[in-house]
Amino acid sequence: TSFQGLAQIQIAKRRIEENVTVTYEQALASVLPIVRAMDAHTVSLASVSGDILARDVFADRNIPPFPRVAMDGYAVIWTGREVEKPYRVVGTVNPGGAWNGDAADSDCIKIMTGAMVPPPFDTVIQVELAKAAPDGTIRFTDPVKRGENIAREGEDVREGAVLIPAGTLLSPHHVAILSSVGQWAVPVYKRPSVAVLATGSELVEPWETAQGPMIRNSNSHFLLAALKELGFAEIRYLGIAPDDRERIVSKILEGLDCDFLLLSGGVSVGDVDIVPDCLNACGVRKILHKVAVKPGKPIFVGESPGGGIVIGLPGNPVAVMVHFHMFIRPLLLKASGATEYLPKPILLPLARSAANKSGGKKFTIARLESDGGETRVAEIPSHGSGDFVSACRADGVFEIPLGTVQLPAGHFVRFYPIWGNFLSNEG
Ligand code: AMP
Ligand code: MG
């Protein structure tokens, strides 16, 4: 993709050295190259969904592995004159069963879906097209084509073909493939460890009382839940540090052992936004500090002395949510060995016009609307990036490109379905 183009990386590097704002694409282009996959290990089939495959998986047999009956019926030796004569039933084959013997033109066997068609039979006539006579013979009512109702050996996949390439994020569907080729011990990449820290003197934990100017820490618990959903297990929760240099530094030092350290709050230009300074004091090398994106322009990204990735998110809960899906998840997936890690957009028309006053790229939270016909993207009215209650009704975000001030209703936008559960109570 263009994200990794050398020119992009060079432009990004220069702009970062000049300490200016970079685009979202440049930000990804400057961070992705330093994200490397962990080692591989072997896990059992039962717990593999959500992990990333570390070696190609091959077909150990042809699929189907034998000529397989697709319908309950009668196997015949095709002559093209099936409707003209009575057939004698010389045997029965159920799935998993076999049949051996000689058969003549007018012999058939009863055979069930999933069974192997034994030679010399080559065609199956479905049971609904057969009539049994009182003398036990069978007559077929309709002509058939040679080979009908039989899945040929190897017609889906040939033995030795790659079924799942390394780097694939495994889903339950892949578990079906792994099972079918006998891969019950699966090589997958280890997951990076992730530390989560909230900063802000206004924060208390959900189980504490919040009064007056205090608010409950929701960012950390969003991040912990989102990480858990992605299957990350090695997570260090560092709690809350108030806006105090010593307290923040000591928590950062605890978190730097991890492959990723995610902080929220204190990265903007306010008097108490001291997180970048604290990170610098801990030896974290700055990669970038501002991205031309809304919400969440002041995002700090750095590299720890041990090679870990440090991301200082702004405190705004909506910014944290958007950055998690659009920026952090790609990095986490790449670190987990995935070869495809960027969110894939769908082009959909806008339900209403949409504005972008930010001067950067805007990721706007939206719901999908459908009146039975076309699906449209509808911006969710919100009071801004602190309004996370509105944001939680979203199905995803759509993009208003950098430099675009206004998009009319009907305009096709890039919609990222990264948010909701896509469930309905209507059929
Ligand atoms: P900051 O980026 O520290 O200036 O914070 C921006 C806004 O996000 C402020 O209104 C904060 O109170 C709020 N905020 C910061 N951290 C959190 C958090 N962990 N949970 C919920 N809101 C937060
Ligand atoms: Mg703050």
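How far is an oxygen atom of ligand 1 from a polar backbone atom of G266? The distance is 2.9 Å. The protein covers 76% of the 480 Å² of accessible area that ligand 1 has on its own; areas come from the Shrake-Rupley method with a 1.4 Å probe, and for residues only the protein chains shown count as cover.

Some ground rules. This is a predicted model, where local features need pLDDT of at least 70, side-chain atom pairs count only at pLDDT 80 or more, and totals for chains, interfaces and linings use all residues. Side-chain values use heavy atoms, with hydrogens and water left out; residues are numbered from 1 along each chain as its sequence is written, and chains are lettered from A and ligands numbered from 1 in the order in which they are written.

Back to the ligand. A polar side-chain atom of E202 lies 2.6 Å from an oxygen atom of ligand 1. S218 uses a polar backbone atom, 3.0 Å from a ligand nitrogen atom.

Next, the backbone. I63 and P64 are joined by a cis peptide bond, omega about -10 degrees. From P119 to P120 the bond is also cis, with omega near 10 degrees. Most peptide bonds are trans, and most residues other than glycine have a negative phi.

N149 has phi near 65 degrees. N149 counts as buried, at 17% relative accessibility. Buried means under 20% relative accessible area, exposed over 50%, partly exposed in between (1.4 Å probe, protein chains only). F422 has phi near 50 degrees. F422 is partly exposed, at 43% relative accessible area.

Conventions. A polar contact is a pair of N or O atoms within 3.5 Å; within protein, one must be able to donate a hydrogen and the other to accept it, and residues adjacent in sequence count only if both atoms are side-chain atoms.
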